[in-house]
Amino acid sequence: MASSTRIFGYCCRALMAAAKTSAAIATVTKVRGRPTGILKPQPVSPALGSFLGTKEASRADAVKKVWEYIKTQNLQNPANKREIHCDDKLKTIFDGKDKVGFLEIARLLTQHFHKAA
């Protein structure tokens with residue numbers, strides 16, 4: 001029993017050491033590298049820019065700020081949490097729709113992002 005504990009204990013320590021080094025490498029890569037994908041700031045349309053208060057934003061930040069606005073204004077349907085009731089400010093960025101499903105938000109925001117030259 002003692003020999004098996006010794007073997008498994010060594011393997012566990014070796015695996016944990018490998019996990020720590022790969023986590024350190026991933027952290028260094030994030031610090032050095034530029035944001036890419038949905039974290040990369042891009043120019044936005046004037047409608048979304050006026051909603052966010054900036055001319056450039058990442059997709060993740062835009063969705064986050066839209067959700068913050070929805071929560072603060074209490075626009076989520078209490079009976080069906082997947083449904084958002086749009087007020088006048090949200091209608092400007094959601095094509096004038098009265099109701100939007102929460103899965104549609106990211107798709108509707110896509111049209112407001114322009115590729116950076």
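A salt bridge is a side-chain nitrogen of Lys or Arg within 4 Å of a carboxyl oxygen of Asp or Glu. Keep that in mind for Glu83, which we'll get to below.

This is a predicted model, where local features need pLDDT of at least 70, side-chain atom pairs count only at pLDDT 80 or more, and totals for chains, interfaces and linings use all residues. Residues are numbered from 1 along each chain as its sequence is written, and side-chain values use heavy atoms, with hydrogens and water left out.

The chain has 5 helices and 4 strands (DSSP runs: helices are H or I with at least four residues, strands are E with at least two, numbered from the N terminus). Along the sequence they go α-β-α-β-α-β-α-β-α. Of the 117 residues, 24% are buried (under 20% relative accessible area, with a 1.4 Å probe and protein chains only).

Now for the largest nonpolar core, which has 20 residues. Such a core is a set of buried Ala, Val, Leu, Ile, Met, Phe, Trp, Tyr and Cys residues joined through side-chain atoms within 4.5 Å.

| Element | Residues |
|---|---|
| α2 | 46–52 |
| α3 | 59–73 |
| α4 | 88–93 |
| α5 | 105–110 |

The largest share, 4 residues, comes from α3.

Back to Glu83, in strand β3 (residues 83–85). Glu83 is buried yet has no salt bridge; Lys99, the nearest side chain of opposite charge, is 4.1 Å away (Lys and Arg count as positive, Asp and Glu as negative; His and the chain ends are not counted).

Notes:
Buried < 20%, exposed > 50% of the residue type's maximum accessible area, 1.4 Å probe, protein only.
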